[in-house]
Amino acid sequence: MSAERVLVISPRKSGTHLVQELLVHLGYRIYGEPVPPPEGRPDFSIRERLAMAERYLDPGEFRALDPRRDRETFLRTTDQVWLQLAWAWQTRMAVAPLTHVEAVAPAAGFGPKMSPDIWTAPFSQTPPGIAWIFHSADIWRMDASFLAEWVNTGSPKVILNYRDPRDVLLSLVDFFSRNNGLRFRRFPETAIFGPVLESIQDPAAKIDYALSDPAMPLLGDYESAISFLHHPNVCTVSFEELVGPQGGGGRETQRDAVRRVAAWLDRDVDADAVAEELFTPRSFTLNKGRAGRWREAFTPAHTERFEARFGHLLDTFGYDREVSR
């Protein structure tokens, strides 16, 4: 497992699966969005679990742990320590949060008492080799100690992943339309947008609604990413660069993007081999993701309305405007 910690900011429906899969290929384990496949989830050793428990559990709770005497309790408790630590860092970094497991699954039983250090310890004391992937981060609400640590040490390495906002809007419509807020409880906004979009039958009317609702999670995610886009200590990579030929991109562009991210993380990589695996029938990212899909779904009126409301995002992130078709 890589020792480096990574923070990825990837606005919702920006092809986050692609950068997630790339990081798994580079040896990282994933916490955050979307739920990683089994091979991408953190798998802590006994030594790592003991270190995490000693640092973040209440001292009395820690003294009661004994992996040799009661391994099952030890594993269950340290799993809970990790989930509490991860939740604390979502709060400290002011990201658009996942639903807290305790809120949607009370039987999860968040039992152990935690040390106050969970709210003050530096990010460098989180488990190594984890890529934390979040949809947004508010620099004005973020824990100032995290920003100071990043500025002073260069760690964690930060990556910004983004996608043509027009394709993002269309992907949001597709996602909310088919899940109606009940099957994806980790995303609390689906409880609102899912039933609304499922109730609209006409595909064009769904896009009309998405363009008109100011709460649709597009503008906020992208505007919070602009500061990272221009920061010299952030590696930027787009969906269009990573998606490759099967998603409407180019193979050499894809290889270059893989090399750039790997170099940023000081990882050796066979870019050709990784690129071949990023978006194929064998890939866990394969879905409807394709560059430029909005052109098939937007009417001229949709395009003009998008330009009027979100055109500054196209300019900022380097996407061409296409008012007429």
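Start by selecting Gly 32 and Ile 133: Gly 32 stands opposite Ile 133, which belongs to strand E3. What you have open is a predicted model, where local features need pLDDT of at least 70, side-chain atom pairs count only at pLDDT 80 or more, and totals for chains, interfaces and linings use all residues. Residues are numbered from 1 along each chain as its sequence is written, and side-chain values use heavy atoms, with hydrogens and water left out.

**Stop one: the sheet**

Now widen the selection to E2 and to E3, residues 130–134; four bridges pair these strands in the parallel sense. (Strands, labelled E, are DSSP runs of at least two residues, while helices, H or I, need at least four; both are numbered from the N terminus. Two strands pair if DSSP finds at least two bridges between them.)

**Stop two: strand E5**

Select residues 157–162 for E4 and look across to E5: the two run parallel, joined by five bridges. Zoom in on Ile 159, which stands opposite Cys 235 in E5.

Is E5 largely enclosed or left open? Four of the five residues of E5 (residues 234–238) are buried, so the strand is largely enclosed by the rest of the structure. Buried here means under 20% relative accessible area, with a 1.4 Å probe and protein chains only.

**Stop three: two helices**

Next, pick H12 (residues 251–264) and H13 (residues 271–278), which pack at an angle of about 115 degrees with their axes 9 Å apart. Axes are lines fitted to C-alpha atoms, for helices over the stretch in contact, and angles run from 0 to 180 degrees between N-to-C directions. H12 and H13 are therefore roughly perpendicular to each other, a label for angles of 65 to 115 degrees.

Show the side chains at the contact (heavy atoms within 4.5 Å). From H12, those taking part include Arg 251 and Val 258, and from H13, Asp 272 and Leu 278 are among them.

**Zoom out**

Finally, show the whole chain: 15 helices and five strands. Of its 325 residues, 51% are buried.

Notes
Angles under 35 degrees count as roughly parallel, over 145 as roughly antiparallel, 65 to 115 as roughly perpendicular and the rest as oblique. Buried means under 20% relative accessible area, exposed over 50%, partly exposed in between (1.4 Å probe, protein chains only).
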